Amino acid sequence: MTADASRGAQAPPELVQLLTPEGERVEHPDYDIDLTPEEIRALYRDLVLVRRVDLEAVALQRQGELGIWASLLGQEAAQIGSGRALTDADMAFPTYREHGVAWCRGVDPVNLLGLFRGVNHGGWDPAEHNFHLYTIVIGSQTLHAVGYAMGIQRDGAVGENGAATIVYFGDGATSQGDVNESFIWASVFNAPVVFFCQNNQWAISEPLEKQSRIPLYRRASGFGFPGVRVDGNDVFACLAVTRKALTDARSGQGPVLIEAFTYRMGAHTTSDDPTRYRVQDELEAWKLKDPIERVRAYLFKNQLADQAFFDEVDAEADELGRDVRKRCLEMPDPEPLAIFDHVYTEPHRLMDEERAAFASYLSGFETEEGGR
Ligand SMILES: Cc1ncc(C[n+]2csc(CCOP(=O)(O)OP(=O)(O)O)c2C)c(N)n1
Ligand SMILES: [Mg+2]
């Protein structure tokens, strides 16, 4: 297999898949899942709604309302499947692209937009949603997650009804020292953490073959824990594989690396132009593996949903898009000095000094009323 073929439309043989791109249900000896029609319709709804929020955010950025946006287009199944596998007690550590996981954790999408609009510094309480703040420093959240997992392990908060930790990162992040160090710590301390790598084939303009000579999931064996590659465009498989990994982690079996094999359909961020470094054919091949279309085909073929259901979800998506846009534009600009408020939980001398210096700097500008 050439390096390029691994990014093509041909599914690699070791891939765990429960729903084909054509919407056919397939069995897997290690990973099965029994979903009610209602649960499948709910997954479909999640997929459509998060794609709609993402689309609206891209449009808002293009209209100058957001500074930047990192689109999840194409990665909806990886995020919804893994996100819906989490229990309320589990803790998730995202990168900057996990809008679908944020949705599953109950974070209002407008909070995500606020971050990219530059009017908040995160916008949600990680403790309230068990969803950590977005992390831009590639791979660093894997260390935070392992530390958190070791913490809950020491608190005795694991076990059947306890908590596990999941951490999201990309294919490019696997080359970071932080990620490799976190693998070692998780392995030797048997930490209850699931490493969820969304291999979307690109790290900005760097292709996968510049990150690894072997499939990413096989890296785990070198660190002493299991790795599995799942079809990242198959929401059933992502749910089943993540659920099992979390259960194993909770029951003391230590970490698992999940490589969700998917594709970044859009630009890296709205500041990027992927036509400069990748070919259209690759995109066309992945369009045929769309994560939403296969669930729709499955529901339709098996008469688990009718046209009225699909219309209803589309209407809900449009309404959500409108609502998110409206509330995004209404977000007030922050008080400039608020940037110092949450650096430390308690008052801090250095923050007081920096706040005072910044206040003095700001007072040097003329106000809108023309005064000083
Ligand atoms: C430590 C660090 N180095 C470099 C960057 C710049 N950077 C931002 S995103 C990115 C690529 C990440 O690719 P990947 O891990 O595959 O995640 P994806 O964006 O594809 O989801 C890089 C190099 C950064 N944010 N942090
Ligand atoms: Mg990537």
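How far is the sulfur of Cys197 from the closest cysteine sulfur? The gap is 12 Å, and the partner at the other end is Cys238, so the two are too far apart for a bond. Before going on, a word on the model itself: it is predicted, with local features needing pLDDT of at least 70 and side-chain atom pairs counting only at pLDDT 80 or more, while totals for chains, interfaces and linings use all residues. Residues are numbered from 1 along each chain as its sequence is written, chains are lettered from A and ligands numbered from 1 in the order in which they are written, and side-chain values use heavy atoms, leaving out hydrogens and water.

Back to the cysteines. A disulfide is a covalent bond between the sulfur atoms of two cysteines. Here, a disulfide is taken to be a pair of cysteine sulfur atoms within 2.5 Å, and by that rule the count is 0. Cys238 has its closest cysteine sulfur in Cys104, 11 Å away, which is too far for a bond as well. Cys197 is buried at 1% relative accessibility (buried means under 20% relative accessible area, exposed over 50%, and partly exposed in between, with a 1.4 Å probe and protein chains only). Cys238 is buried too, with a relative accessible area of 0%.

Helices (H or I, at least four residues) and strands (E, at least two) are DSSP runs, numbered from the N terminus. Both Asp171 and Trp202 are buried.

Next comes Gln201, in the loop between strand E3 (193–199) and E4. Gln201 isn't a glycine, yet has a positive phi of about 75°, and is buried at 0% relative accessible area. Gln303 also has a positive phi without being a glycine, at about 50°. This residue lies in the loop between helix H11 (291–301) and H12, and Gln303 is exposed, at 71%.

That brings us to H12 itself. Helix H12 (residues 307–330) packs against helix H1 (residues 37–62) at an angle of about 35°, with the axes 9 Å apart. Axes are lines fitted to C-alpha atoms, for helices over the stretch in contact, and angles run from 0 to 180 degrees between N-to-C directions. The residues of this contact divide into 14 nonpolar, 1 polar and 8 charged. Nonpolar covers Ala, Val, Leu, Ile, Met, Phe, Trp, Tyr, Cys and Pro, charged covers Asp, Glu, Lys and Arg, and the others, Gly among them, are polar.

Finally, step back to the whole chain. The domain assignment, whose bounds come from an automatic or database source, gives domain 1 (37–329) and domain 2 (336–371). Their C-alpha centres lie 36 Å apart. His342 is in the loop between H12 and helix H13 (349–362), and His342 is exposed at 73% relative accessibility.
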